[in-house]
Amino acid sequence: ARQAALRSAAAAAAPACLIAAAADAATSIARAEAEAKARAEAQARLIAAVRAAGLAAVASAVVTAVALAPVPPPWIGFLVKQRKGKPVIIEDVAHDGPAEKCGLQDGDVMVSIAGDPIRTMKDFWRSMKKHKYIGNIIPVVVNRPKDPSMSFQDGDETAEVTVELEVGIKRRTVLANVPPLRTVADILPLLEDAAGLRLVVKSGFSTIDDDLSGLISDEEFKTGFREWLGPELSGYLTNEDVEDLWTKGDEDESGFLKIAEFEIVVKETLSTLIDRAAQGR
């Protein structure tokens, strides 16, 4: 009702800028109401579960805990860049994030978001402000270069792709049955078990990705990599080794590691650890 009233008032006042402002306000109201509704439903479910368990005395504490819990940030799982005179291009698509799940790829050229043309970074962030809220499904249109491995140039052949991007929540992935990687004796079995090694890589990536961005930054890597390996294995590596591993992984000098790049780092690390252990270093 409040959304309709805003739109009606704007239409009566006529100026286009006021109509646009009212539309933005209506979108913000819808977003806030959706989040409030979700929080109220979560409270109700928790209260019902607590009372069913015969713990009515703590029901109010549960309500308070839910009310004070921080709202998780919305997540689209990619970054964008724009060089002077060039279109807005998607980069650093996060592993297992909303963008990857809907089919967006590094190198895709932005065309529109929810019908809004995207020609500049300002267009992109304005559209995100309107549409980036948890659970919203956003139609995204991109032009995909025929050769995504090459930097996009004007005139390059592209194919138009339309996807539905569902705005998600950043969550830490918890994997089951991850093989151990704590001692040198754990390494050889891993190198002979491709599926197990992939689980170790995914688990390590999730652990080191401290801000749940789907990418590992330079700081996260240098702070968390040795800690993830544990005291025995990290004892074989020097600070220079860690620096070299980062450089090999971040070959494109983006300042971030994607999961495929982190896998390269892990394999290189395991090889180095075997050599160092054999040398008694």
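1. Ground rules. The model is predicted, so to speak of local features a pLDDT of at least 70 is needed, side-chain atom pairs count only at pLDDT 80 or more, and totals for chains, interfaces and linings use all residues. Residues are numbered from 1 along each chain as its sequence is written, and side-chain values use heavy atoms, with hydrogens and water left out.

2. α7 against α8. Two packed helices are described by the angle between their axes and the distance between the axes. Helix α7 covers residues 194-208 and helix α8 residues 218-229; their axes lie 9 Å apart, at an angle of about 130°. That makes α7 oblique to α8. (Under 35 degrees is roughly parallel, over 145 roughly antiparallel, 65 to 115 roughly perpendicular, and the rest oblique.) Angles run from 0 to 180 degrees between N-to-C directions, and axes are lines fitted to C-alpha atoms, for helices over the stretch in contact. Helices are DSSP runs of H or I with at least four residues, strands are runs of E with at least two, and both are numbered from the N terminus.

3. What touches there. The crossing of α7 and α8 is right-handed, that is, the near helix is turned clockwise from the far one by less than a right angle. From α7 come Val200, Ser203, Gly204, Thr207 and Ile208; from α8 come Glu220, Phe221, Gly224, Phe225 and Trp228. Contact means heavy atoms within 4.5 Å. The classes are 5 nonpolar, 4 polar and 1 charged. (Nonpolar: Ala, Val, Leu, Ile, Met, Phe, Trp, Tyr, Cys and Pro; charged: Asp, Glu, Lys and Arg; polar: the others, Gly among them.)

4. α8 against α11. Helix α11 spans residues 259-279, and the axes of α8 and α11 come within 13 Å, crossing at roughly 50°. They are therefore oblique to each other. The crossing is right-handed. Phe221, Phe225, Trp228 and Leu229 of α8 meet Phe262, Val265, Val266 and Thr269 of α11. This contact has 7 nonpolar residues, 1 polar and no charged.

5. α7 against α11. Here the axes come within 10 Å and cross at roughly 110°. The two helices are therefore roughly perpendicular. This crossing is right-handed. The contact has 8 nonpolar, 1 polar and 4 charged residues.

6. Elements giving two or more residues are α4 (98-102), β7 (158-166), β8 (168-169) and α7. The lining divides into 8 nonpolar, 6 polar and 8 charged residues.
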